[in-house]
Amino acid sequence: MQFEKNELISAVKELIEVMKESGLGYISVKNDKFELELGQKYPEPRPMPPMPVMPPMAMGMAAPAAAEVSNEAAPTAQGKSITSPIVGTFYAAPAPDKAPFVKVGDTVNEGDVVCIVESMKVMNEVLADKSGVVTAIAVKDGEAVEFGQPLIMLS
């Protein structure tokens, strides 16, 4: 039995809906009559949960460290940073011998690849969710990053 064109289109649409509802980024179906692979090149980022409120600093902390924390927190609160969508390892360039995706002073547009976060041996491109000028790269190449951690600061 072969699939008719309308049946195949209907099956593909149904699989796409399943992917959207479940949050899957890729699905593969194979049987004796056909083989089908569906996936998103750039899956939509999941919404970030609200950041927990940190308790006040202990009295033994040095004043400069407290100032550094407040300086980093301000751009995030104003939405001026591109954050890590997952836990992993930050890479500024596509390969060790290649130029970085962005440098301080570069202009990025929404949708531009700005870095890679490797997680479970999968290289995940991080896309700019806003346009702006790169004012700082908040992590070092090869450094471990957390979900929601600021990676690239924009003005």
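1. Ser84 lies in the loop that runs between β3 and β4. The model is a predicted one. With a relative accessibility of 0%, Ser84 is classed as buried, because that value falls under the 20% cut-off. The Ser84 side chain comes to 2.4 Å from the backbone oxygen of Ile86. Neighbours within four places in sequence aside, Ser84 contacts Val117, Val145, Glu146, Phe147, Gly148, Gln149 and Leu151.

2. Ala99 sits in the loop between β4 (88-91) and β5. Its relative accessibility is 57%, so Ala99 counts as exposed. Apart from neighbours within four places in sequence, Ala99 is in contact with Ala93 and Pro94.

3. Next, the sheet. Four strands make up an open sheet with antiparallel pairing, in the order β3-β10-β8-β5. The edge positions are taken by β3 and β5 (107-108); each has a single partner strand, so one side of each lacks a neighbour in the sheet.

4. Strand β10 (residues 150-154) has four of its five residues buried, so the rest of the structure largely encloses this strand. Strand β3 (residues 81-83) is joined to β10 by three bridges and runs antiparallel to it. In this pairing Ser81 stands opposite Met153 of β10. Strand β8 (residues 132-137) is likewise joined to β10 by three bridges, also antiparallel. Here Val134 faces Leu154 in β10.

5. What joins β5 to the sheet? Two bridges link β5 and β8 in the antiparallel sense. Thr107 is placed opposite Val133 in β8.

6. Another antiparallel pair is formed by strand β1 (residues 26-30) and β2, over five bridges. Ser28 stands opposite Glu37 in β2.

Terms used:
Residues numbered from 1 in each chain as written. Predicted model: local features only at pLDDT ≥ 70, side-chain atom pairs only at ≥ 80, totals over all residues. Heavy atoms only, no water. Buried < 20%, exposed > 50% of the residue type's maximum accessible area, 1.4 Å probe, protein only. Pairing = 2+ DSSP bridges. Contact = heavy atoms within 4.5 Å. Polar contact = N/O pair within 3.5 Å; in protein donor to acceptor, adjacent residues only side chain to side chain.
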